[in-house]
Amino acid sequence: MPAVTMLEGIRQALFEEMDRDPAVVALGEDIGVFGGAFKVTEGLLARFGPERVIDTPISETAIVGAACGMSFLGLRPVCEMQFIDFIACCFNQVTNFAAKSHYRWGAPVPLVLRGPSGGGVHGGPFHSANPEMYFVHTPGLKVVYPSTAYDAKGLLKSAIRDNNPVLFFEHKFLYRRIKEEIPSDDFTVPIGKAAVRREGSDLTILSYAAMAHTSLEAAEQLSTEGIDAEVIDLRTLLPLDRDAILASVKKTNKLLIVHEDTRTAGIAGEIAAIVCEGAFEDLDGPILRVTALDTPVPYSPPLEHRFLPNTEKVVAAARELAKY
Amino acid sequence: MSSRLTHEQHLELYYYMQLNRQLEDRMVRLFRQNKIVGGLYSSLGQEGISVGSAYALEPRDWLAPMIRNIGGLLVKGFKPRDIFTQHMAKYTSPTLGKDATSHFGDLKVHHTVAPISMLGDLIPVMTGVAMAGRYLGQNIVTLTWIGDGGSSTGAFHEGLNFAATQRAPFVLIVENNQWAYSTPVSRQVPVKNLADRGRAYGIATKIVDGNDVMAVYTATKDAVDECRAGNGPVLIEAKTMRMQGHAQHDPADYVPKEMFEHWKARDPIARYEKYLTENEIWDGKKKAEIHARIERELDEDQKFAEESPLPPPELAEQGVYCDGCHQIEADWQRPKEEVMPPKASIEAAWTVKSFGGLEPEIPGSKEVAAFDNGAKTPARAVEERAAELVSKSDGSKAPAQAPRVPFGRGPKDKSFARSAQHKPRKR
């Protein structure tokens, strides 16, 4: 069983789902002959043909709109945003058409909208975004943001089989930087379940995507200082795994939330509210957060470094929290 | 009379137009009695477009209404009670009170997609329905409408361009009713005919008198036939007039009185009544029968709606997600093996028909749009230049053989095959 990258895990999920179910089709910009800007869909066209792997014009609204229409006939379209930043161009189709369809008139929209997201690769203001919270605020959508190759493969399979519109964020910093062995059988990872990445007793670090790895590094460093941190990877942002969040807080009594998204109205605020509602008496200190700055993602390396959370920032915040 | 319709069908068209109008007349009364919860939009004067175009579809075909397409919903098989209850926010409405007006649909029986208020969004959606229908081998055509105002949205452009590149079996009716809320069409679109926009997408277009139901029906039927033959999409501009304000609250005093008078003299129902009489399709007795039937049906459905309950409050929390409440299953009308490996597998490589300069680099290559109104498409201009070039160089009019290169598009898929074969389309 060779180790595979997260990108390869995603690619395998697409191949296996399209092999399993002829209702699964893929559409997006440059996904066919070229295999996608990041080569996630490489080989898909050759195997499944142009009826199932559709190179589209640069028209995000048309991509998602057409996918909604396809889903009404029982297809399960998987749309690629070349960079997830461009989801802004089809915001209306996602939030008004796809998300409200089942509630309004009982028409499920089983589509997946996937694409590379996140910073740390000097992509600048329009190729580095983490726009997940626009969509976490939209009832009717599901929002998934994995951090490992195994989860990416298993969660994408679950997303494709789900009867609802699922936004699937692929952190491009992780695409080829992480590798793991994954089973060859047809496994899935359930949407809406967090994972405990490291057991600990002194405080909880809640995170997801690239920041889950940063949080784990921070936890290792903290352990050398005698602080035993638990690290939880949310994996799904909508619906949130409230039970896992509350269980960990009740165990460690301290919560630090780390996300690469910007600070104001990031998911840390929502989680803080959930914890206040469900575990206020269990808290031994303030709920702290380490996040990106409230700015666009800047381009130049020293600026982006300043913008992003990192291990040092997480360790520093955890030290403060541990004092309570 | 050179119509393709039987007498029965002619009368059915009349029934739907008159049902559309009388249903809306009743809703105006209900609105004034405060029994309509939200807004009420009128299609007065535009009934011929909704009814005539929807009537050209077969039951297997799909449509998506806009707010002024009540007539299309009636033709597709929805009942007046569906319209009454939607407007009155009743639990018995198709959306159980969750949405209003014509914002409802049905996937299984009526093949109708519910619209949203953001204009233009249905164009890519119905393109997707058309593509999926073709993929599943269903041989369906899809249709939706857009107003003159909605034709300025980005979704209109993206959707129509995508439909055109896909040759989707999709008919778009542009209802040019002269006013987008309070703004005249001249301030929205700097061209005389909205159909001209279709030419920019390289698709077939047609302009019809929207207040002549037979003209609308005939043009749409031709368009549907062309789409089913693989020559879609088609854009039809139907010229008409919105005879009331944007909605009931709007007195439309920004519209010159003379304009209303001009169009009132061209009322689609009065004109069609004259047509039926002149062509001896009906008599006074037949007309009275239809009116009596409409009266009876509307009485019954209005009573049903008025007596229906409002939804229980807890319904507000239900149905955001499909948690297995719906079975999602595609209706395959072709062998699935065709879209699975190894049959579907191809060599993934592009071939190009043109090198993109001003000269025709590949003599004889051509792509002719069918069913257009004589517009010289860029492709045809190149073709003509190519023919000219050949005849000058070797004295013969015969076009040279176009080179065939693997194209990365499967031979099974007709929409792709045409690119590789350079076959002139049927005119």
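View 1. Of the 427 residues in chain B, 45% are buried, a residue being buried if 20 or more other C-beta atoms, placed from the backbone, lie within 10 Å of its own, exposed if 12 or fewer, and partly exposed in between. The model is predicted: local features need pLDDT of at least 70 and side-chain atom pairs count only at pLDDT 80 or more, whereas totals for chains, interfaces and linings use all residues. Residues are numbered from 1 along each chain as its sequence is written, and chains are lettered from A and ligands numbered from 1 in the order in which they are written. Chain B has 13 helices and seven strands; helices (H or I, at least four residues) and strands (E, at least two) are DSSP runs, numbered from the N terminus. Helix H4 (residues 80–87) of chain B is largely enclosed by the rest of the structure, because eight of its eight residues are buried. Those residues are B:Pro80, B:Arg81, B:Asp82, B:Ile83, B:Phe84, B:Thr85, B:Gln86 and B:His87. Their cover includes helix H1 (7–32), helix H3 (70–76) and helix H11 (284–307) of chain B. Two residues are in contact if their C-beta atoms, placed from the backbone, lie within 7 Å. Of the contacts in chain B between residues at least 6 apart in sequence, 74% join residues at least 24 apart.

**View 2. The contact between chain A and chain B.** Chain A gives 43 residues to this contact and chain B gives 57 residues. On the side of chain A that touches chain B, helix H2 (44–48), helix H3 (60–72) and helix H4 (91–105) of chain A are the elements that give two or more residues. H3(A) supplies the largest share of that side, nine residues. By class, the side of chain A that touches chain B has 23 nonpolar, 16 polar and four charged residues. Ala, Val, Leu, Ile, Met, Phe, Trp, Tyr, Cys and Pro count as nonpolar, Asp, Glu, Lys and Arg as charged, and the others, Gly among them, as polar.

**View 3. The two domains of chain A.** Domain 1 (3–181) and domain 2 (195–322) are given by the domain assignment of chain A, with bounds from an automatic or database domain assignment. Their centres, taken over C-alpha atoms, are 26 Å apart. The contact takes 25 residues from domain 1 and 21 residues from domain 2. On the domain 1 side, helix H5 (132–136), strand S6 (142–144), helix H6 (149–161) and strand S7 (166–171) of chain A each supply at least two residues.

**View 4. Helices H7 and H11 of chain A.** The axes of helix H7 (residues 210–223) of chain A and H11(A) come within 9 Å and cross at roughly 55 degrees. Axes are lines fitted to C-alpha atoms, for helices over the stretch in contact, and angles run from 0 to 180 degrees between N-to-C directions. H7(A) and H11(A) are therefore oblique to each other; angles under 35 degrees count as roughly parallel, over 145 as roughly antiparallel, 65 to 115 as roughly perpendicular and the rest as oblique. In H7(A), A:Thr214, A:Ser215, A:Glu217, A:Ala218, A:Gln221 and A:Leu222 meet A:Thr311, A:Val314, A:Val315 and A:Ala318 of H11(A).

**View 5. A:Tyr324 in chain A.** A:Tyr324 lies in the segment after helix H11 (311–322) of chain A. A:Tyr324 counts as exposed because it has 12 C-beta neighbours inside 10 Å. Not counting residues up to four places away in sequence, A:Tyr324 touches A:Lys254, A:Asp284 and A:Gly285.
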